[in-house]
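Subject: Structure for your review

Dear colleague,

Please find below the structure that I am handing over to you. My notes on it follow directly after.

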Amino acid sequence: MDTNVAIAPRAAGDTAEPLIRFHNVSHSFGSRQIIDNVDFSVGRSEFVCLIGPSGCGKTTLLRMVGGLLTPSMGEVTYAGHRVDGPESDVAFMFQDYSKALLPWRTASGNVSLALEAARVPRAERAPRIEALLAKVGLSRHADHYPAQLSGGMQQRLQIARCLAQDPAVLLMDEPFGALDAMTRQALQDEMLRLIETSATTALFVTHDLEEALYLGDRVIALYPNPGRVAQIFDVKLPRPRNQLTSREDPEFLRLRREIFDFIREGET
Amino acid sequence: MNATKFAKGAIFPIAALIVWEAAMRIGNVQSDSLAAPSQIAAAFYQALIDGTIPRRTGETLRTALTGLALGGGAAVIVSVILGLVPAAARLMQFSIEVLRPVPAVALIPVAIMTLGFGYGMGIALVAFACFWPVLIYGHSAIVNIEPQLLDVSRVLRLGAFGRVTKIVLPAALPRYFVAFRLSAAVALIISVTVEIAANPLGIGHELMTASQSLHPDLMFAMLLWLGLVGWAVNAVLLFAQRRLFGPAAYSASLQ
């Protein structure tokens, strides 16, 4: 076990200079407070999962990092500067893949959109699209429209479009929540493999405790109404993770028990 | 359309024509306001070979289609602006509510005074009539675009121009097309109305002169032809709509 830990060194959260930082962030929509004084940071190449019941503002926090929303108090910084709009190397993977892809463009066309937005010259696009689709296993579906693809394939296509941004940070909003269990596990592993090879930093929102533990270096549990940080759990499980052994690891089971009890206490 | 369906559809009109023809002949009707189908057919043939029908049709379609293109085109631009800039929509709402209910034909006197007779007047009134439906449909199409698609355009950092051309217009295109197809019927109605009421051009004018010179055969022939033109315009647009947006992958987003 110890050797496994050694071969997969990953940044340990607050050490060194964090890549993303929430500085005492609060947010209200009208008179309703959504986020109350959230303060945490995400290190380079770290995988952090945000978990909590609905109403805990986890999607709101993700949108703040993505530059889609400005907090009403406090600030979010990325690489040392204040986030005041979407960054070119921060990719956002949406929960509802069927609404995040352009239905009138083929798989290639959807990946191309990210390259067009980044002003990649036309001649360079085709080979890059081909490589990106190959990475997510969609080479044979390049000319298919999203409606002709299964849910899992559509979400893979969204991954490819995110990767087209060559992202330093991947923000994911319950990306696998609508998929069946088998597809979800396959995509979890593919996504982990892709971001580990490129040392991408990930912020992942989910309400599935086991998914958070399986993927994350740290799991941040949030309280709802208004959303605030309840507790932060370090997940010291060896990487690469494995759907069977990782989930049977005593540490996995211990953490699952601990967070589960913790969430249940929060509810009562 | 298959043969049996067509045959069933033709039963009623053919029967009606036979009864009409028989009644005219048996009753030996000599009328200034009615004509037998055989006389109408003769008048139609005559108008076709002497060039009246092609010329008049060209005049009417020129008015209708130019007006549709100008009015609809302007409405596309205005609806995109109003759809993407809510402040502009609030600013213009009152003006739109006041102008929209004005019937285009009520502007005929104004058009005669300002533009005089000719294509300009017909085109201007058709454009006015077609502007509103395209504006209303287009505006609702744009404010109802899936918000997540707009988030996607922001996250990818598409510029304003890219957002309109790559996201907003393609997403709203099927609805715009429906708006244009419905407006084509309006365009034909308005252009013929203007021709009947004032403008010495087109099918409407021919229809009016036939009536005033007591030629019921020619009058009915032009009426019949007008029905066929309206049917053909709609059929062409419907065909185009099905080809462009029909069985393609995203047909679900059409209606």
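In what order do the elements of chain B run from the N terminus on? They run α-α-α-α-α-α-α-α-α-α, and the count for chain B is accordingly 10 helices and zero strands. Please bear in mind throughout that this is a predicted model.

Confidence in chain A

The average pLDDT of chain A is 89, and 93% of its residues score at least 70. Residues 1-15 of chain A have a pLDDT below 50, although this stretch has 21 contacts in the model beyond near neighbours in sequence. Where pLDDT is low, the predicted coordinates should not be read in detail.

Overall form of chain B

Chain B has a radius of gyration of 23 Å, whereas a compact globule of 255 residues would have one near 18 Å. Taken along the principal axes, the C-alpha atoms of chain B fill a box of roughly 80 × 50 × 30 Å. Of the 255 residues in this chain, 35% count as buried. Among the contacts in chain B with a separation of 6 or more, 74% are between residues 24 or more positions apart.

M219(B) lies in helix α10 of chain B, which covers residues 216-245. M219(B) counts as buried because 22 other C-beta atoms lie within 10 Å, the cut-off for a buried residue being 20 or more. Leaving aside neighbours within four places in sequence, M219(B) is in contact with L207(B), A210(B) and S211(B). M219(B) and S33(B) are 186 residues apart in sequence, yet their C-alpha atoms are 9.3 Å apart in space.

The contact between the chains

How many residues does each chain give to the contact? Chain B gives 17 residues and chain A gives 17 residues. On the side of chain B that touches chain A, the elements giving two or more residues are α7 (147-155) and α8 (160-197) of chain B. The most comes from α7(B), with six residues. By type, the residues on this side of chain B are nine nonpolar, three polar and five charged.

In chain B, the loop between α7 and α8 holds R157(B). Although R157(B) is a residue other than glycine, its phi is positive, near 60 degrees. R157(B) counts as partly exposed, with 19 C-beta neighbours inside 10 Å.

A sheet in chain A

Chain A contains an open sheet of four strands in the order β2-β1-β4-β5, with antiparallel pairing. Why is one side of β2 and of β5 in chain A left without a neighbour in the sheet? These two strands, β2 (32-42) and β5 (81-82) of chain A, stand at the edges and each has a single partner strand, so one side of each has no neighbour there. In general, strands of a sheet pair through backbone hydrogen bonds, either parallel or antiparallel.

The antiparallel strands β1(A) and β2(A) are joined by seven bridges. Across this pairing, F22(A) stands opposite F40(A) in β2(A). The two strands β1(A) and β2(A) form a hairpin with two residues between them, and G30(A) in the turn has a positive phi of about 65 degrees.

At the other pairing to be noted, β4 of chain A (residues 73-78) and β5(A) are antiparallel, with two bridges. T77(A) has R82(A) in β5(A) as its bridge partner. Helix α2 of chain A (residues 58-65) lies across β1 (20-29), β2 and β4 of that chain, and runs at about 60 degrees to β2(A).

Backbone features in the loops of chain A

Which residues of chain A are joined by cis peptide bonds? One such bond joins N225(A) and P226(A), with omega about -10 degrees. P226(A) lies in the loop between β9 (218-223) and β10 (228-234) of chain A. Another runs from R239(A) to P240(A), with omega near 0 degrees. P240(A) is placed in the loop between β10 and α9 (245-248) of chain A.

R119(A), which is not a glycine, has a positive phi of about 55 degrees. R119(A) lies in the loop between α4 (107-117) and α5 (122-135) of chain A. Is R119(A) buried or exposed? R119(A) counts as exposed, because there are 9 C-beta neighbours inside 10 Å and the cut-off for an exposed residue is 12 or fewer.

Yours sincerely

Definitions and conventions:
Residues are numbered from 1 along each chain as its sequence is written. Chains are lettered from A and ligands numbered from 1 in the order in which they are written. This is a predicted model: local features need pLDDT of at least 70, side-chain atom pairs count only at pLDDT 80 or more; totals for chains, interfaces and linings use all residues. Two residues are in contact if their C-beta atoms, placed from the backbone, lie within 7 Å. Ala, Val, Leu, Ile, Met, Phe, Trp, Tyr, Cys and Pro count as nonpolar, Asp, Glu, Lys and Arg as charged, and the others, Gly among them, as polar. pLDDT is the predictor's confidence in each residue, from 0 to 100. Two strands pair if DSSP finds at least two bridges between them. Axes are lines fitted to C-alpha atoms, for helices over the stretch in contact, and angles run from 0 to 180 degrees between N-to-C directions. The radius of gyration is taken over C-alpha atoms; the globule rule is 2.2 Å times the number of residues to the power 0.38.
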